[in-house]
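This briefing is intended to be read alongside the sequence and the coordinates. Please keep both in view while working through the points below.

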Amino acid sequence: MEYTARTLLGAAALSLLASTAFAETLTIATVNNGDMIRMQGLTDDFTEKTGHEVEWVTLEENVLRQRVTTDITTKGGAFDIMTIGMYETPIWGKNGWLVPLDGLSADYDVDDLLPAMRAGLSHDGTLFAAPFYGESSMIMYRTDLMEKAGLEMPDAPTWQFIREAAAAMTDRDNDINGICLRGKAGWGEGGAFITVTGNSFGARWFDEDWNAQFDQPEWAEALNFFIDMMKESGPAGYATNGFNENLSLFQQGRCGMWIDATVAASFVTNPSDSTVADKVGFALAPNSEGVDKRSNWLWAWALAIPAGTQKADAAKEFIEWATSKGYIELVAENEGWANVPPGARTSLYENPNYKDIPFAKMTLQSILAADPNNPTVKPVPYVGIQFVAIPEFAGIGTEVSQEFSAAYAGQQSVEEALAKAQALTNDAMEAAGYR
Amino acid sequence: MARAVTNNRKAINTGLAWLIGLLIFFPILWTFLTSFKTEAQAINDPPLFLFFDWTLENYAVVQERSDYLRFLWNSIIIAGGSTLLGIVIAVPAAWSMAFVPSRRTKDVLLWMLSTKMLPAVGVLYPIYLLFIQLGLLDTRIGLTIVLMLINLPIIVWMLYTYFREIPAEILEAARMDGASLREEILYVLTPMAVPGIASTILLNFILAWNEAFWTLNLTAANAAPLTAFIASYSSPEGLFYAKLSAASTMAIAPILILGWFSQKQLVRGLTFGAVK
């Protein structure tokens, strides 16, 4: 009996020593949004299961992007896990800056990840980042204003219908704008929106030989359509409006329609923040009549392990925990199904508890309709829908969107903006050796 | 009559000064007020000024989510350390330039100032690589050194200007009485330049406290000061203005209080020698 007790005591001491020896403190860089903050609050569950501690570095999205890029390109090793997007992942994976996420456990069920997300976060078939949550874009509209206008929103409308509906819903006397869209300069802001709009008019950034395509009629048509519609039915000063400005307008009942990220659906239907929470409908992002491509994008915030870390094994354990089915259930248990991270796993959309969420179906349909390998009608040499997954794009995309925003603000004509975009893009691509 | 005109002018000047002061202070006041609103009230149109249901909810959320005291402590160490280190180096440098100038003194002063003309991002990668090599990344000592170097030209320039106001004859007299160089600087020059040195310390402490490029780019979890604390509440995808305002108020409160208590010294130092 005494012998057994001693053996047990010894085994317990050994296991304690072992867990202490292998317990790590992980430093994780992440963005400030509701889902990520929720994860920080649930980290104790991970620590209890693995013994690893976690330290969070939460930064604003653009600051984070600059910060993690500096660290990974210099192999600084300041972070063990980085939150990155679909733009960075394939580029960094190709450069060998990320640890491949192979050998994930059977419980993790990597095949359950939505195919579009998995493809967008891989390079040459190797997964380099696990999606924490995914998003596309869709139409959010005021059901009461649509009804008042005598119109009915189809599940998959065209731009022409949207323009007509926007004009009908606009009520300048009551400060209601028929449609609110992003015009703010920046490749991830207005640049992303006009790129997907261009896709849905048949435009593309480059032809197969990396020649800029802003001199083609599809771009002129898309840009003129966008500006004319916003002049008729958009809010004043839309050229400087981004996600937050439009969210604020919509929540205060000043937009008939808003086309933006699917994650916004949970904000506009939240009664504590939105004055129109019970009057919101959803539809697929529009396309131009006769163009077989919709204007919805694809994005994921994903967790990746930089090659410079010394704690890759513990980091992989964390990623498995944070992007697992079990984590989704943990959030549902603590915060309700409406707050689970969306858009990453197929099983979530098969879960009967999640099917009651009003925007779940349209979010999934929007994600499934997005194809990063074929973003527009004509063939392209790049991957990415609202961006071009090459390192040079962040700079080029921002400059081009600045030219477009100047056209929205009436500081130059559409022709001038497109001519400048064509010249600066070709110059940059030539300097980078693509042409 | 002349007296009436003077009084009118005084009243106008006072009114103008208050107006300009309020204009400058308004963003801070608005941030303070927003920190007591709900997120929905924060974006209300028309904006709500004073008449809303004041709440401390945002402060509670910020306290729960972030380790404010750790950020605050880092800010105090980094801003205080870099300022003191800068003063220790700058006092002898400014003394030599003010009292024993050479032909090149003006050039040296201009050259020092020219380092401030380079955008910080231009040297981000070299500094980052140096920090990795020296093991200074995400350390308070690393940031203290960088912020000291960044503010050193301003400290030297300010002290040089104050020292130039002190008659060289007094220092000569001290020397004739047998004072060593150290004694001359410590016991004669420094006490006479206390208002100038105090305002230099205060101004540089404020500059270091508010520095947001290097403090964000060279830190992670350990050495991050209050600038990183604020950055963690900003988001382009989500309306968190009320929480961001609460975080900003908590970040600027210590420096505002310090500025409030030392405003006399600050103004006296900044206007030292301005009127002859």
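A nonpolar core is a set of buried Ala, Val, Leu, Ile, Met, Phe, Trp, Tyr and Cys residues joined through C-beta atoms within 7 Å. A residue counts as buried if 20 or more other C-beta atoms lie within 10 Å of its own, as exposed if 12 or fewer do, and as partly exposed in between, with C-beta atoms placed from the backbone. The model is predicted: local features need a pLDDT of at least 70 and side-chain atom pairs count only at pLDDT 80 or more, while totals for chains, interfaces and linings use all residues. Residues are numbered from 1 along each chain as its sequence is written, and chains are lettered from A and ligands numbered from 1 in the order in which they are written.

**Nonpolar core**
- The largest nonpolar core holds 193 residues, and those touching the most other members are Ile81(A), Met140(A), Met257(A), Ala302(A), Phe318(A), Ala94(B) and Leu159(B).
- With 13 residues, helix α7 (residues 140-164) of chain B gives the most to this core; helices (H or I, at least four residues) and strands (E, at least two) are DSSP runs numbered from the N terminus.
- Domain 1 (2-135 + 299-355) and domain 2 (137-297 + 372-431) of chain A both contribute residues, so the core lies between them; the domain bounds come from an automatic or database domain assignment.
- Leaving aside residues up to four places away in sequence, Ile81(A) touches Leu26(A), Ile28(A), Leu303(A), Ile305(A), Ala315(A), Phe318(A) and Ile319(A); a contact requires C-beta atoms, placed from the backbone, within 7 Å.

**Chain A**
- Chain A has 19 helices and 10 strands.
- Its C-alpha trace spans about 85 × 55 × 30 Å along the principal axes.
- Of the 435 residues in chain A, 50% are buried.
- Among contacts in chain A with a separation of 6 or more, 74% join residues 24 or more positions apart.

**Contact between the chains**
- Chain B supplies 26 residues to the contact and chain A supplies 27 residues.
- On the chain B side, α2 (39-42), α6 (124-134) and α11 (214-217) each give two or more residues, and α6(B) gives the most, with five residues.

**Confidence**
- The predictor assigns the complex an ipTM of 0.82 and a pTM of 0.85.
- Chain B averages a pLDDT of 89, and 95% of the residues score at least 70; pLDDT is the predictor's confidence in each residue, from 0 to 100.
- Within chain B, mean confidence is lowest in helix α14 (residues 263-270), at 74, and highest in α11(B), at 96.

How values were computed: Contact = placed C-beta atoms within 7 Å.
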